[in-house]
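I opened a new page for this model.

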Amino acid sequence: MSSIKNSINSLQLIHRSMLIGLLLFCVIAFFLHNSGTFEPVAKELDHSLQVIVIILAGAGFFIGNNYFKRKVLQQAPELQAPKEKLALYRHASIIQWALLEGPALFSIISFLITGNFAFLALAAAVIILFAMAFKKKKK
């Protein structure tokens, strides 16, 4: 039982590390922009990138949730050993988190490129979804 608890703790550590990395990158991008250290280089891409970021964020959220549900809820009852179920859960969780992390990173990079704060707002929304992803599954 302790190995299962250790595995869950390590999965929680991975999630927190990914979350802290996103938050740090977001804060650094904000300060780079506000200090004038990093000037926007392609303001003309603003509208195109907004569409791309929204599509990526929506797709990442829905594909990640569907993948997790399909993997865990459909395949877990077939598995007998708790370690196998935990490995399946870990795999599906990391894939789901990556599908949320990618659009958040792209949104922050789009903010750096254009200087539009709407990208930071969208990144914050995706980061909040990312933060809630582990707590939801804790049940």
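This is a predicted model: local features need pLDDT of at least 70, side-chain atom pairs count only at pLDDT 80 or more; totals for chains, interfaces and linings use all residues.

H3 has 33 residues, so at 1.5 Å a residue it should span 48 Å. Its end C-alpha atoms are 48 Å apart, which agrees. I then looked at what comes after H3 and found Gly115, with a positive phi near 80°.

**Helix pair.** Next I looked up how H1 (residues 2-35) lies against H3 (residues 82-114). The two pack at an angle of about 0°, with their axes 11 Å apart. Angles under 35 degrees count as roughly parallel, so I noted H1 as roughly parallel to H3. I also sorted the residues of this contact: 22 are nonpolar, five polar and three charged.

**One residue.** I picked Met18, which is found in H1. Is Met18 buried or exposed? Its relative accessible area is 16%. Buried means under 20%, so I wrote Met18 down as buried. Leaving out residues up to four places away in sequence, Met18 touches Trp97, Ala98, Glu101 and Phe130. I also compared Met18 with Ala131: they are 113 residues apart in sequence, yet their C-alpha atoms are 9.5 Å apart in space.

**Its partner.** I followed Phe130 next. Beyond its neighbours within four places in sequence, Phe130 contacts His15, Met18, Leu19, Leu22, Trp97, Leu100 and Glu101.

**The core.** The largest nonpolar core has 29 residues. Which of them touch the most other members? I found Tyr89, Trp97, Ile127 and Phe130. H1, H2 (46-75), H3 and H4 (117-138) each supply at least two residues of this core. H3 gives the most, with nine.

Technical notes
Residues are numbered from 1 along each chain as its sequence is written. Side-chain values use heavy atoms; hydrogens and water are left out. Axes are lines fitted to C-alpha atoms, for helices over the stretch in contact, and angles run from 0 to 180 degrees between N-to-C directions. Helices (H or I, at least four residues) and strands (E, at least two) are DSSP runs, numbered from the N terminus. Angles under 35 degrees count as roughly parallel, over 145 as roughly antiparallel, 65 to 115 as roughly perpendicular and the rest as oblique. Ala, Val, Leu, Ile, Met, Phe, Trp, Tyr, Cys and Pro count as nonpolar, Asp, Glu, Lys and Arg as charged, and the others, Gly among them, as polar. The expected span of a helix is 1.5 Å times one less than its number of residues. Buried means under 20% relative accessible area, exposed over 50%, partly exposed in between (1.4 Å probe, protein chains only). Contact means heavy atoms within 4.5 Å. A nonpolar core is a set of buried Ala, Val, Leu, Ile, Met, Phe, Trp, Tyr and Cys residues joined through side-chain atoms within 4.5 Å.
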